[in-house]
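Dear colleague,

I am handing over the structure below, and I would be grateful if you could look through it alongside these notes.

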Amino acid sequence: MPLLPHHDGSALYVPEQEPALGDTVDVFVRVPAGADVRQVHVRTTGDGEPRFTEAVVDRTDGGDIWWRVPVEARNPVSNYRFMLTGSRGYRWLNAAGVVPHDVPDNGDFKLVTHAPPPAWARDAVIYQIFPDRFARSAAADGRDLPDWAIPCDWDTPVIGRGPETPRQFYGGDLDGVTERLNHLDRLGVNTVYLTPIFPARSNHRYDAASFDTVDPLLGGDAALARLAEAVRARGWRLLGDITSNHTGDAHEWFTRAASDVSAPERELYYFDEVTGCDYESWNGVRSLPKLNWGSAELRRRFATADDSLLRRWLRPPYGLDGWRVDVANMTGRRGADAYTHEVAALLREVVADTRADGLLMAEHGHDHTGDLDRGGWHGTMNYVGFTDPVWSWLRHGDEPVPNFLGTPGGVRRRDADAVLATMDTYRSLISWRSYTHSWQLLGSHDSARIRTVVGDAARQEVAAGLLATMPGTPVIFAGDELGLTGANGEGSRTPMPWHRPESWDASTFASYRALIALRRSEPALRHGGLRWLHAGADTLVFLREAPTGAVLVLARRAAGDPVRLTGLGPAENLYGGAPALHPDADGTITLPPDGPTFQTWRLT
């Protein structure tokens with residue numbers, strides 16, 4: 001693809017990354033030589049009215065012309081796009097790229113003046129742990145099991161589907177996590193994310209029976225305090241998981257509400273006014289009664305009270321660094337009720353009030369673009385803008401790969417141009433800030449394992465390379481780095497094979513370790529922009545650019561023709577083992593044709 005005029009929200013193009021309401025900031029557009037751009041205007045829509053301001057040439061750099069123009073952060077989210085005028089009329093440059101036709105405002109670039117996410121989040125590499133399947137401490141052997149649990153030893157196969165799936169109990173606990181932190185240290189991650197840790201009647205614990213204590217089966221409150229202390233001692237962060245959409249039907253709030261129509265807890269849920277006993281639940285699952293965020297009492301208990309559950313676990317001795325919010329997309333939505341955005345803003349306000357550097361992340365399995373940039377969630381789990389497209393490009397075999405939302409037919413095979421179009425579509429509808437603070441993941445406890453999707457270590461390395469080098473926060477589901485497999489969400493909740501190191505895929509672990517180290521060592525991979533240079537059926541090439549330097553990335557799912565690029569200069573290889581790049585006489589560099597492969601170079 002030819003080099004096109006480019007702008008994104010990174011510091012190279014928007015030096016002021018945290019504007020205040022009313023500030024005027026300079027933004028920049030890079031226009032390659034020969035792009036037929038004679039004049040540049042920025043179009044803003046402050047207070048809902050379009051205005052145009054002419055840009056000026058700021059500098060010329062390596063044949064590229066950099067145009068500069070001021071933009072006022074007039075509103076909490078201020079839209080802007082560029083009108084590029086040439087010999088054949090004008091084109092628009094918005095967050096989706098250069099287009100020759102008129103487009104609606106929702107794809108514009110965005111300046112956001114809401115308080116920014118905590119600074120540490122941009123440098124986080126997150127490791128997701130499903131506590132029941134990660135590691136057992138010696139103390140786990142002495143605990144009495146509840147009546148719902150089907151006891152399993154560490155080698156019992158995970159059922160993966162059926163009524164017994166949530167009842168299989170392996171007995172992993174929080175002290176087991178603490179004892180295995182050296183493994184995370186070797187891998188190179190710096191943030192631990194735990195799926196729910198509250199008492200429940202399932203191994204996944206999304207059906208909380210209380211928010212006031214840590215499940216005794218996990219070691220109780222003291223075990224969380226020990227884990228938090230151990231994580232902090234390494235300079236890491238620890239995140240929890242909370243269900244804001246529902247509780248379990250064994251939760252003390254719900255049992256009181258269900259047994260007494262006059263109980264104060266009654267208003268916390270949606271009970272049928274006719275029968276008095278029927279109630280709304282998550283997707284019709286009766287064990288997960290839905291919370292009613294129209295209730296002031298719910299807001300008090302959940303968030304605003306000084307002793308609320310949201311605050312308690314953010315404070316010492318636990319000191320969680322934030323929350324991942326389960327089913328955030330459904331929270332506060334039910335029929336005519338539409339509280340989602342105000343609930344998100346409320347939770348963010350409470351988290352920030354309790355600890356200024358707290359993070360609030362939303363689970364969202366489909367189109368998240370309407371729920372971000374509203375002063376609520378800092379970002380989302382980017383399944384649709386990263387996971388699904390990467391799966392569809394790198395998947396193996398002819399059978400459809402199921403995704404965790406159960407789309408009929410599953411994830412279909414697509415070439416790189418369609419993958420890029422998908423990624424760009426979702427990226428372009430949110431701010432750069434929300435995009436770069438969202439979680440990029442190759443799978444989770446709710447999806448198939450990446451090894452099962454792609455079929456072999458070589459393609460998993462390509463997937464892990466994209467995870468480590470694209471914008472956003474990389475999240476690794478425990479065991480992916482060992483090459484573990486699983487065909488669906490429940491089936492991927494595989495116990496970690498600590499006692500069988502011979503089963504580990506050592507090459508995959510080495511790849512993950514090296515890629516994480518690469519991300520942590522190169523500022524452009526954590527804070528740089530994103531400029532796509534090539535998309536063929538089997539090949540993706542992009543640049544991550546920052547004021548401190550640039551990294552060139554090549555991802556191939558199969559061997560093919562060499563990719564030739566101009567205007568980049570020499571580059572030294574950082575990952576993958578390919579030779580250094582040197583321009584030939586006409587300034588062209590040639591990327592290697594072998595594949596599957598993942599390669600990165602630092603431009604020199």
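Residues are numbered from 1 along each chain as its sequence is written. The model is a predicted one, in which local features need pLDDT of at least 70 and side-chain atom pairs count only at pLDDT 80 or more, while totals for chains, interfaces and linings use all residues, and side-chain values rest on heavy atoms, with hydrogens and water left out.

To begin with the strands (DSSP runs of E, at least two residues, numbered from the N terminus), β4 (residues 56–61) and β5 pair in the antiparallel sense over five bridges, where pairing requires that DSSP finds at least two bridges between two strands. Within that pair, T60 has I65 of β5 as its bridge partner, and in the hairpin that the two strands form, with two residues between them, G62 takes a positive phi near 60°. Strand β5 (residues 64–72) is also joined to β1 (residues 24–31), again antiparallel, through eight bridges, and V25 stands opposite V71 of β5.

The largest core has 111 residues, and Y127, F134, F302 and W323 have the most contacts inside it. Apart from that core lies another, of 25 residues, which includes W66, V69, V71 and Y80. Leaving out residues up to four places away in sequence, W323 touches (heavy atoms within 4.5 Å) a set of residues that includes F198, D241, W313 and M361.

Finally, there are the pockets (open sets of points on a 1 Å grid over the protein atoms alone, where a 1.4 Å probe fits, with protein on both sides within 12 Å along at least five of seven lines; lining residues have an atom within 4 Å of a point). The largest has a volume of about 970 Å³, and of the 36 residues that line it, W282, F404, D446, E490 and R493 lie nearest its centre. The second largest pocket holds about 590 Å³ of space; its lining has 25 residues, of which R30, D64, R531, E545 and G567 are the closest to its centre. Two or more lining residues come from each of β4, β5, β23 (539–546) and β24 (549–556), with the largest share, three residues, from β23.

With best wishes

How values were computed:
Core = buried A, V, L, I, M, F, W, Y, C linked by side-chain atoms within 4.5 Å. Buried < 20%, exposed > 50% of the residue type's maximum accessible area, 1.4 Å probe, protein only. Helix = DSSP H or I, 4+ residues; strand = E, 2+ residues; numbered from the N terminus. Points joined across faces, edges and corners; volume = space filled by probe spheres on them.
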